[in-house]
Amino acid sequence: MKIGLVGYQGSGKSTLFEWLTTVPADPSQAHTAQSAMATIPEPRVEQLVEIYHPKKITQAALEIVDTPGLSRTHEGNAARLALIREAGCLVLVVAAFDDSDPMADRRSFDEDLMLADMEVLSGRIGRIEETLKKPIPRTEQEQLRHEEETLNLVLSAMEAGKPLREADMTDEQLKVTRAFRLLSEKPRMVIVNTADDEADPDRFTQTAADVPVLTIPAGLELELARMSPDDRREFEEEMGLESVDRDHVIRRLLEASGQMLFFTCGDREVRTWLLARGGTALEAADNIHTDLARGFIRAEVMTVSDLVQFGSEREVKAQHLMRQEPKDYVIQDDDIVLIRFSV
Ligand SMILES: Nc1nc2c(ncn2[C@@H]2O[C@H](COP(=O)(O)OP(=O)(O)O)[C@@H](O)[C@H]2O)c(=O)[nH]1
Ligand SMILES: [Mg+2]
């Protein structure tokens with residue numbers, strides 16, 4: 001899943017992109033969507049490495065995308081919105097330096113996304129109505145009527161200023177709208193890019209409870225990240241600064257995207273994997289390799305904390321803490337998974 005940094009031009013998306021991924025923003029890619037990976041720091045990996053001494057350690061990473069900023073005049077936004085649509089999770093970056101108004105920007109960006117969605121929906125409704133005027137088979141007619149009804153419901157919720165993720169939708173209705181990859185349906189997070197000398201960053205996080213909000217002085221953090229560790233320590237002491245923990249921010253992005261990590265372990269490799277939260281053992285198997293899902297027999301599952309407590313896989317088994325789980329077992333945080341499969 002792509003994590004899109006979105007916002008208006010000049011809000012600090014490219015600055016944050018470099019800070020998160022350590023890959024400099026490439027100006028020649030300013031009109032497309034530049035992407036790079038950010039490794040997801042997971043402290044439990046170290047504990048696993050001490051037990052298995054693996055030849056290889058592989059950590060899952062988030063794909064971060066620096067999308068072109070929307071223009072406040074709406075000119076040329078269609079192509080930019082199409083790039084934003086590719087992301088599975090949107091991180092809205094709003095400027096809170098110089099003369100910017102982050103709260104107003106947040107509201108108007110949300111409105112811009114919702115307007116774009118409404119255009120998509122009313123376009124589809126118009127085409128359905130055209131088709132319904134023609135002689136078409138009855139089943140198709142019924143299907144289209146049902147779709148139109150659902151889309152009208154979503155559209156009127158939006159017209160009332162309520163994006164889809166907040167509207168009261170049934171699973172079936174969501175299935176109809178999912179195909180449109182609506183922008184206001186995507187999981188969301190806000191990063192307020194504060195001025196270097198912001199005295200009270202908390203004032204930006206207190207207002208909104210509906211989505212997670214982080215404050216980061218991105219310009220300053222990027223400068224700090226580029227310094228040598230010694231220079232950085234000296235600078236931080238001199239200025240009385242406490243820099244933002246990038247690892248913490250990446251973990252918050254993982255959370256906001258609705259994903260989680262699970263572990264696989266062995267003498268050959270200790271590895272973390274991404275999985276949509278609520279994902280099953282079968283989906284975990286599929287993320288590792290489609291063959292594992294196809295030939296799935298069962299998952300053998302233990303937790304990192306049990307393994308650390310008892311020191312070895314053998315001892316975990318002796319304590320009867322190694323579980324045999326079927327396809328539909330829902331993977332939990334801390335699970336180490338071994339898929340048994342047949343070829
Ligand atoms: N004062 C201040 N300026 C910033 C900060 N972050 C970015 N900028 C400046 O804002 C401009 C736009 O930043 P950029 O990351 O390219 O924004 P983008 O258009 O959203 O990608 C650049 O001139 C940055 O130097 C910040 O935290 N504080
Ligand atoms: Mg940029």
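**Ligand shell and sheet**

Me: Which element gives the largest share of the shell around ligand 1?
Reply: This is a predicted model, where local features need pLDDT of at least 70, side-chain atom pairs count only at pLDDT 80 or more, and totals for chains, interfaces and linings use all residues. Residues are numbered from 1 along each chain as its sequence is written, while chains are lettered from A and ligands numbered from 1 in the order in which they are written. Helices (H or I, at least four residues) and strands (E, at least two) are DSSP runs numbered from the N terminus. With three residues, the largest share comes from α1.

Me: How many residues surround ligand 1?
Reply: A residue counts as near if its C-beta atom, placed from the backbone, lies within 6 Å. The closest include Lys13 and Gly219; α1 (13-21) and α7 (218-226) each supply at least two shell residues. The total around ligand 1 is 16.

Me: Which strands stand at the edges of the sheet?
Reply: Strands pair if DSSP finds at least two bridges between them. Six strands form an open, mixed sheet in the order β2-β4-β1-β5-β6-β7. One side of each edge strand is left without a neighbour in the sheet because each has a single partner; these strands are β2 and β7.

Me: Over how many bridges do β5 and β6 pair?
Reply: Within this pair, leucine 90 stands opposite arginine 188 in β6. Strand β5 covers residues 89-96 and β6 covers 188-194. They run in the parallel sense, and the number of bridges is seven.
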